[in-house]
Amino acid sequence: MTTKKSNDQTKEKSLANQVMELILKDCELVHNEQKEAYVLVNKSGIRQVFDVRSKSFSDWISNKYYTSKKSALPEASVKTVIGTLAGKAVYEGKTVKIFTRIAKTEDGYWLDLCNDKWEAVLINKAGWQVLSGNTIPLFSRSNSMQPIPTPIAGGSIDPLWDLVNIPVEVRLIVVAWLLECLREDTPHVVMEFVGEQGSAKSTTQKLLKMLIDPNIANLRAAPKKVEDVWIGAINCHLISFENISYLGQEYQDALCVMATGGAHATRTLYTNKEEVIIELRKPIILNGITVNVTAQDLLDRSLHIEL
């Protein structure tokens, strides 16, 4: 005897199969070295990269179906499709390198502009140029990342100093630090701004981050748990914490590992034994009224500038 529940499940499977056939025409499923599922989407001739389980890709699926069928797609069907695509990406897709904001290839260094054209700047000994399409590395973006204006030739960095409170004698060091933040293949240096209240620490830090890695939240309070530092770092390039009053040893150890490159393991769910390995190397910028970087390992990897 056929029940209503079994009929609904059959319809859901049939609908999910229709959605799969529809979207796979414009998608390529891949995975990174950590077996995380990604999809390369061709939209109006522009290649886009999405985490299969991201909200951005879920919204793309719903929009794709509605545009084609003029009908809304049930949430249950979206979840079924995403789960199936994630499995296909891991077990059938090729292994690729996925980057966030910066990359290094044989052609040179890359900076993702995070704009609607999915353009990136290639920087090498011949100069720089803005490129797009299949010529650029695979950049993944979080919903909080913001675009960088398309660069033009000429100009000067001098107007920056009218906006930030950087002592003249260390401005060259700050420029060198900013450039080093764009190198994907070297350990990063932690920048710590120290100064009394009203010395424009947060404003200076915000504007420097906006130059190379603008975000909806350019300044963030330090998370209470070390694990949250790692998770937050996945979704940006330059880690930026303001108004630090204290950094414990465990916190400083995590920042040290993150700056030089390392991994953090955490449980996937509390109901199973699986682990998620987060492997990162990120530049870091902090500010506070007093010096908070005190652990020797982190001190060796830090620049302290008093404003």
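The lining of the second largest pocket divides into 20 nonpolar, three polar and two charged residues. Nonpolar here is Ala, Val, Leu, Ile, Met, Phe, Trp, Tyr, Cys and Pro; charged is Asp, Glu, Lys and Arg; the others, Gly among them, are polar. This is a predicted model, where local features need pLDDT of at least 70, side-chain atom pairs count only at pLDDT 80 or more, and totals for chains, interfaces and linings use all residues. Residues are numbered from 1 along each chain as its sequence is written, and side-chain values use heavy atoms, without hydrogens and water.

Now the pocket itself. A pocket is an open set of points on a 1 Å grid over the protein atoms alone, where a 1.4 Å probe fits, with protein on both sides within 12 Å along at least five of seven lines; lining residues have an atom within 4 Å of a point. Of the 25 lining residues, L111, L179, L182, L211 and I212 lie nearest the centre. Two or more residues each come from strand 7 (108-112), strand 8 (120-124), helix 4 (171-180) and helix 5 (201-212). Helix 4 gives the most, five. Elements are DSSP runs numbered from the N terminus: helices H or I, at least four residues; strands E, at least two.

Next, packing. The largest nonpolar core has 25 residues, and V39, V52, F57, I61, V81 and L85 touch the most other members. Such a core joins buried Ala, Val, Leu, Ile, Met, Phe, Trp, Tyr and Cys residues through side-chain atoms within 4.5 Å; buried means under 20% relative accessible area, with a 1.4 Å probe and protein chains only. Helix 3 gives this core the most, seven residues.

Methods
Buried means under 20% relative accessible area, exposed over 50%, partly exposed in between (1.4 Å probe, protein chains only).
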